[in-house]
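Here's a quick walk through one chain, with the cut-offs spelled out as they come up.

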Amino acid sequence: MRRCFATANIRQEQYNTNPQIELVRINDRSIKVRDDSRKWYDEVPDMWLRDNCQCNKCVHTATKQRLVETFDIPEEIHITSCVREGRNVKVKWSDGHDSIYDLGWLAASAHSKSAVSRQGLRELTFWTSSVGQNPPEVPYEEVMNSEKGVAQWLDRIRQYGFCYVDGCPPTPEATEKLLERIAFIRNTHYGGFWDFTSDLSSKDTAYTDIALGAHTDTTYFSDPAGLQLFHLLSHTDGSGGESLLVDGFAAADTLKKEDGYAYDTLSEVNVYSHASGNDGISIQPYRSFPVLNHDPEFENLLQVRWNNSDRAAIDLPLGDVEDWYAAARKWVRIINSPKNQYWEQLRPGRPLIFDNWRVLHGRAAFSGKRRLCGGYINRDDFISRYKMLNWGPEKTLQYLAVE
Ligand SMILES: [Fe+2]
Ligand SMILES: [Zn+2]
């Protein structure tokens with residue numbers, strides 16, 4: 001059963017950091033853990049526990065990298081003594097090593113696993129066109145002058161999938177520095193930070209003045225860009241060009257409720273994509289991906305990949321593609337529904353950033369001369385910065401081996 005919500009597995013808060021757990025030796029290869037509610041958890045094999053010793057000989061204090069030579073640990077490694085001391089469990093090993101494990105850590109290792117820590121999950125706010133009445137925004141000064149400001153900015157982006165920054169100087173230099181508050185800017189075959197006036201110097205429809213339907217960017221990369229920022233610097237001698245945002249996760253949720261088969265089809269049928277407009281370049285992902293991508297283990301929705309312009313082959317025998325078209329038609333009806341579309345005219349001084357794995361964007365046709373700048377941030381760098389700023393290093397790094 002696929003879950004549509006990215007929040008389906010938020011269990012991190014449930015970890016009791018000081019549980020009254022009981023360790024029971026179940027055989028000479030593993031222990032079993034039971035907490036104060038008498039609930040039993042998965043068994044913890046000795047080999048795993050020894051390999052994941054958290055002492056400073058086994059894990060580098062600063063980098064959290066494994067130092068222990070795992071495959072030098074004897075295969076028949078086992079616990080010779082195991083003593084509870086306050087919040088810790090002291091373990092002596094048959095290879096002579098001593099380990100101390102925090103009880104909260106040990107309980108977490110024996111819990112059924114959660115994706116929260118790795119994926120940086122938080123509760124999401126789904127939205128429709130009415131989000132325009134009170135869209136998420138943060139003040140430019142706060143983002144530039146404090147880590148707390150960046151934390152809040154990233155938290156808004158994580159919650160809504162987009163956020164404005166209010167009061168940014170309308171220059172490419174200021175915008176680039178703003179984006180670099182999150183992480184380094186991702187380079188692509190179009191360059192890194194971009195600043196352009198509508199012309200056809202890059203051979204992509206994004207650089208023309210025609211209307212663009214709701215889509216996500218860079219579906220042709222194995223790892224599509226995580227964040228995209230747009231800052232309209234000027235628009236002269238014309239009109240139009242309003243920006244469109246659609247909450248792709250909310251749209252997926254609607255599709256799932258309306259037609260589970262269509263949802264599963266878009267979740268299971270892989271589609272290829274390409275970028276071949278520049279001389280000498282044809283970028284294609286290393287494999288095809290579905291429109292709706294789920295975590296294979298937790299089955300929560302992770303990523304929407306929707307770009308009809310860049311779509312290449314559908315990975316089905318040609319005789320079977322009709323189901324995909326029928327499902328995609330329903331998807332398009334949802335993302336094109338006026339009640340799901342949030343339209344806004346971008347303004348100088350008010351950059352817009354959005355999560356390209358969740359939110360689809362588009363643009364109305366325009367006339368005149370438009371100067372826009374922006375750039376991409378990698379997904380992993382975005383989530384890393386989100387977690388480290390909002391949760392702190394201790395909470396983010398505590399469960400590296402166990403979640
Ligand atoms: Fe785009
Ligand atoms: Zn150790």
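Leaving aside its neighbours within four places in sequence, which residues is G375 in contact with?

G375 touches L179, I185, G192, W194, L227, Q228 and L229, once neighbours within four places in sequence are set aside. Contact here means heavy atoms within 4.5 Å. The glycine sits in strand β20 (residues 369-377); helices (H or I, at least four residues) and strands (E, at least two) are DSSP runs, numbered from the N terminus.

G375 has a relative accessible area of 0%, so it counts as buried. The scale is under 20% relative accessible area for buried, over 50% for exposed and partly exposed in between, with a 1.4 Å probe and protein chains only.

## What you're looking at

This is a predicted model: local features need pLDDT of at least 70, side-chain atom pairs count only at pLDDT 80 or more, and totals for chains, interfaces and linings use all residues. Residues are numbered from 1 along each chain as its sequence is written, chains are lettered from A and ligands numbered from 1 in the order in which they are written, and side-chain values use heavy atoms, with hydrogens and water left out.

The predictor's confidence in each residue, pLDDT, runs from 0 to 100. The chain averages 89, and 88% of the residues score at least 70. Residues 1-18 are below 50, yet that stretch has 64 contacts in the model beyond near neighbours in sequence. Where pLDDT is low, the predicted coordinates should not be read in detail.

## The overall build

The protein chain has 11 helices and 20 strands. Of its 403 residues, 51% are buried. Among contacts with a separation of 6 or more, 74% are between residues 24 or more positions apart.

The chain exposes about 18,800 Å², with carbon and sulfur atoms supplying 48% of it. Those areas come from the Shrake-Rupley method with a 1.4 Å probe; for residues, only the protein chains shown count as cover.

## The iron site

Which protein atoms are donors of the iron ion (ligand 1)? They are H215 (NE2), D217 (OD) and H361 (NE2), lying 2.2 Å from the metal. Donors are N, O and S atoms within 2.8 Å of the metal (3.2 Å for Na, K and Ca); water is not among the atoms, so sites may look incomplete.

Along the chain, the donors follow the spacing H-x1-D-x143-H.

Most residues other than glycine have a negative phi, and most peptide bonds are trans. T218 has a positive phi of about 55 degrees although it is not a glycine, and so does D237, also at about 55 degrees.

Are these two buried or exposed? T218, in the loop between β10 and β11, is at 2% relative accessibility and therefore counts as buried. D237, in the loop between β11 and β12 (243-247), is at 74% and therefore counts as exposed.
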